[in-house]
Amino acid sequence: MLMVFSISSQSRADLLTLGLAVTNVLTGLVWLSIRPKSITPVGPQGVECQEIYSHLPESVVSEILWVWESLSAVTCCKSLVIVYDCQCIVQIGVAAKSLNIDEPFAVDAAKLMQGSLYQGVLKSGAQSYMANLSLYPGRSELPFLPSNTQAVILQPLGDRGIAVLGGDTIRGFTTSDQTWISYIGEKLDATLAKYMSSMPSVVQE
């Protein structure tokens, strides 16, 4: 009886050791699977452009250019489009190529504002962040952005417009960026609302 008891205790110890080893292996695999992968910026494929509505006062143009320079300097933003009252106010940074080589894909302001992306932002009245653009079917409504744009912020400008920011990094816009962009949206809305009596067209500078 003593011999049987000794073997049984040894078996239990072996099983316990094996169980702990398996648990450690599984824990390691879980940690490997949830560890965030290194994400690097992806250079946007397109053409550089700077199209600004020609009838804006110089002070408004200066403000818009300051916004762009600030965003492109401190965030992952590489493309900026502002549409207000169905007018494209600005398209700046890297744009998708049109059928004519080296020309930017023109923004169809009316079509954008009729689309589900804009309507969703208008209804919620809040910023929309598509941290990994490739996962969103609505990306087809943004043909003016480079095809390999990684992330997009849709910032409402009151109930009359929208700012579309394209980034070069998946989840590249931080929480602080998003908050700052919301404040910028409020300021742009207040500024543009003063100068929208009649705006014929967008010209390229």
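Where does aspartate 189 sit? In helix 5. Keep in mind that this is a predicted model.

Let's stay with that residue. Aspartate 189 is buried, yet no salt bridge goes with it. The nearest side chain of opposite charge belongs to arginine 160, 5.8 Å away. A salt bridge needs the charged atoms within 4 Å. What aspartate 189 does have is a polar contact, side chain to side chain, with tyrosine 84, at 2.6 Å. Setting aside neighbours within four places in sequence, aspartate 189 touches Tyr84, Leu157 and Gly158.

Next, the aromatics. How many aromatic pairs does the count give? The count is 1. The partners are tyrosine 129 and phenylalanine 173. Their ring centres are 6.0 Å apart and the planes stand at 80°, so this pair is edge-to-face. Tyrosine 129 comes from strand 4, residues 128-130. Phenylalanine 173 comes from the loop between strand 6 and helix 5. The pair therefore ties together parts that are 44 residues apart in sequence. Phenylalanine 173 is also buried, at 2% relative accessible area.

Last, helix 4, residues 116-124. Which residues of helix 4 are buried? Leu117, Tyr118 and Val121. Those residues span an arc of only 95° around the axis, which means they lie on the same side of helix 4. On the other side, Ser116 and Lys123 are exposed. And what do the buried residues of helix 4 pack against? Helix 3, strand 4, strand 5 and strand 6. After helix 4 comes glycine 125, with a positive phi near 70°.

How values were computed: Residues are numbered from 1 along each chain as its sequence is written. Side-chain values use heavy atoms; hydrogens and water are left out. Rings of Phe, Tyr and Trp (its six-membered ring) pair if their centres lie within 6.5 Å; planes under 30 degrees apart count as stacked, over 60 as edge-to-face and the rest as tilted. Helices (H or I, at least four residues) and strands (E, at least two) are DSSP runs, numbered from the N terminus. Buried means under 20% relative accessible area, exposed over 50%, partly exposed in between (1.4 Å probe, protein chains only). Lys and Arg count as positive and Asp and Glu as negative; His and the chain ends are not counted. A polar contact is a pair of N or O atoms within 3.5 Å; within protein, one must be able to donate a hydrogen and the other to accept it, and residues adjacent in sequence count only if both atoms are side-chain atoms. Contact means heavy atoms within 4.5 Å. The arc is that of the directions from the helix axis to the C-beta atoms.
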